[in-house]
Amino acid sequence: MARSYDLRRDLSICADCIREFTDVDDRRHRFPFIQCGDCGPSFALGPTKEEPSCQACLAEFRNSTGRRFGFSKIACPDCGPVLRLVSHAGLAEGETALTRAASLLHEGGIVVVKATAGFHLAVDACNEEAVRRLRTRKQRPHKPFAVMARDLEWVERVAYLGAEERALLLGPERPILLLPRRGEALAPSVAPGLSDLGLFLPSSALQLLLMEAGPPLQVMTSANLSGAPTARDDDEALRILQQVGDALLHFNRPIENHADDSVFRASARGAIPIRRSRALVPRAILLPFEAPPLLAVGGQEKNTVCVAEGRRAFLSQHIGDLEGEAAWARFVEDIERLKEFAGIEPAAVAHDLHPDYRSTRYALECGLPRVAVQHHHAHAAALLAEHGWRSDEPAMAVVFDGTGLGDDQGLWGGEFLLANFDGYQRLGHLRPLALPGGSAAIRNPWRLALAALIDAELPPEAFFPESSRSASILAERLRRGDDFPRSSGAGRWFDAASALLGVRLQVSYDGQAPAELESIASKDPVDPYPFDLRFDQIFQIDLRPTVRALAADLSEGGSPALLAARFHETMARAIETGCLHLRASSGASAVALGGGCFQNRLLLERATARLEAIGLRVLSAREVPQNDGGLSLGQAAIAARRLAREIAASSKR
Ligand code: ZN
Ligand code: ZN
Ligand code: FE
């Protein structure tokens, strides 16, 4: 009895298994690897076909009325994996391994823990010293850690949540959910500078045991070596143990398919998908039309790939930043695994326009016919695909992200498009901002603040009083009009605003400056700042008046919370203004909000409210992230239509 694609997901332990697990008379009482045909890891374990080795399990395997009939991942204390702890105190097994791991955690130790589809680093989330030690050893100064809570009650002690959030946390996917924080119970270093906390509940019996015996709130962050993807093999985990951990809690069952935890963010408009991975893959996404067999290779960061054929598109798990060699190897491997899993042999490959993305280079070298897709068109198409857009009419699309390559070789990222799967028209964009120092500007938002001030003809000295030599040299070069790259990326404007308000001048992870700006923003209704709308061939939202007003408020000692809120409101208003123009020139009534900036809850909520108030239907991400993690789906949908047209044209000839 083959499990359908949908049931191949790595779902959390089911109610029936919990019942056995807690029953003192059951042979799987407290067995860390209990699962059945309705639950537990499946995709992670790969296709296992052998019959179970022990008699009791074999009987269940053959019992046509039971939950484990034909279930090849059957395991019990007699035949299943064994829990082991490696630490300075030597090797421990079974219950001893568990109790030792738990007491290490209580003492502030860092434990590498094997999970369903990868490894975590666990530490007591209420122990500031321990969390700091983890940050130092992992060389991860600020990027937030997710926290696993023993149960819903413990989640509620540290975060605010409603009925919808509760259901999502308890659902069989058990994703990480970013929730507004409450109280001071957690160590400050868990998520410094952020108003949200990433929380999730145990999804396996092993995690239930560890959360019960160990601290009730534990940092559970992906275990990886700096720059590499999350560890999948025991030897990778051992190296992490040497560099970061105090102990390794693992078991003898290999992980075939890795998957990081899936992440959503709570919002008044429904949960925002941030990362679609464990338990959501390999669920197929239904395309609104038929696709020839094809592969789409995604972007450079937050990479995922997609294979599609017919109406079905299979989006891979999160692969991540393709820069490092380990991630690159995994990218190549995951493509092969996904093709095999889906039974699809691609006849074409879709890729980004950017020639330097490693995914693009893969596409260029793989020998298949190629379809190049513009970055922001792909963002828009991913949303249209997710919402089953069937019309040939274009929808409006506002795509706000960091940077992507435009079809004019420019750096785009604050785009107003009319788009469907067949094409797009760029009707407007945000005013481009100079990136002084290129990639250095992205790591140093203060450089963008400087660029924005000089662009608005304001003296930067007022905002950078003890400005360093490099700042004054840079200011001089900007004034001279030196040839820095320019980007219309909305993310860069958020970076500039964050630095201007003194919230974040330098970043250690992607999206840090906007996230901290959003975190301090007042949630009360505020007025937007002014901006201009200029027309050339297409329209430009000119944010110089915004910068001037913000700078004036700042020098009058305005509260950063209020100013941050007003900046968000300005961007929401700019989106509304742009959409009014898109509607006037197209008659379209639906608008897709794509790009990583819409992970910003405040921006998404305010923009949506404004757009709905002018009678537009807003399409925002529900399951597929609107960040670069969704690009491959958009690429696949666009390529499918382009190939279908080519096939039709050649058959007419
Ligand atoms: Zn079960
Ligand atoms: Zn057995
Ligand atoms: Fe993007």
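Rings of Phe, Tyr and Trp (for Trp, its six-membered ring) are taken to pair if their centres lie within 6.5 Å, and the planes of a pair count as stacked when under 30 degrees apart, as edge-to-face when over 60 and as tilted for the rest. The structure examined is a predicted model, in which local features need pLDDT of at least 70 and side-chain atom pairs count only at pLDDT 80 or more, while totals for chains, interfaces and linings use all residues. Residues are numbered from 1 along each chain as its sequence is written, chains are lettered from A and ligands numbered from 1 in the order in which they are written, and side-chain values use heavy atoms, with hydrogens and water left out.

Under the ring criterion, the count comes to 13 aromatic pairs. One of them joins F400 and F416 edge-to-face, at 5.9 Å centre to centre and with 90° between the planes. F400 belongs to strand β16 (residues 395–405) and F416 to strand β17 (residues 411–420), so the pair ties together parts that are 16 residues apart in sequence; strands (E, at least two residues) and helices (H or I, at least four) are DSSP runs numbered from the N terminus. F400 is buried, with 0% relative accessibility, and F416 is likewise buried at 0%, where buried means under 20% relative accessible area, exposed over 50% and partly exposed in between (1.4 Å probe, protein chains only).

F535 and F539 also form an edge-to-face pair, because their ring centres are 6.3 Å apart and their planes stand at 65°. F535 is exposed at 53% relative accessibility, whereas F539 is buried at 4%. Ring pairs link F400, F416, F535, F539 and F598 into a cluster.

Two arginines lie over ring faces: R157 over W154, at 3.7 Å from the ring centre, and R641 over F289, at 5.1 Å. A charge is assigned to this position if NZ of Lys or CZ of Arg is within 6 Å of the ring centre and within 35 degrees of the ring normal.

The zinc ion (ligand 1) is coordinated through the SG atoms of C14, C17, C36 and C39, at 2.3 to 2.4 Å. Donors are N, O and S atoms within 2.8 Å of the metal (3.2 Å for Na, K and Ca); water is not among the atoms, so sites may look incomplete. Angles of 103 to 117° among the 4 donor atoms make the site tetrahedral, a class that requires four donors with all angles between 85 and 135 degrees. Along the chain, the donors follow the spacing C-x2-C-x18-C-x2-C. C17 lies in helix α1 (residues 15–22) and C36 in the loop between α1 and α2 (55–62), so this pair ties together parts 19 residues apart in sequence. C17 is buried at 0% relative accessibility, and C36 is buried with a relative accessible area of 0%.

Notes: Tetrahedral: all angles 85-135°; square planar, octahedral: opposite > 155°, others 65-115°.
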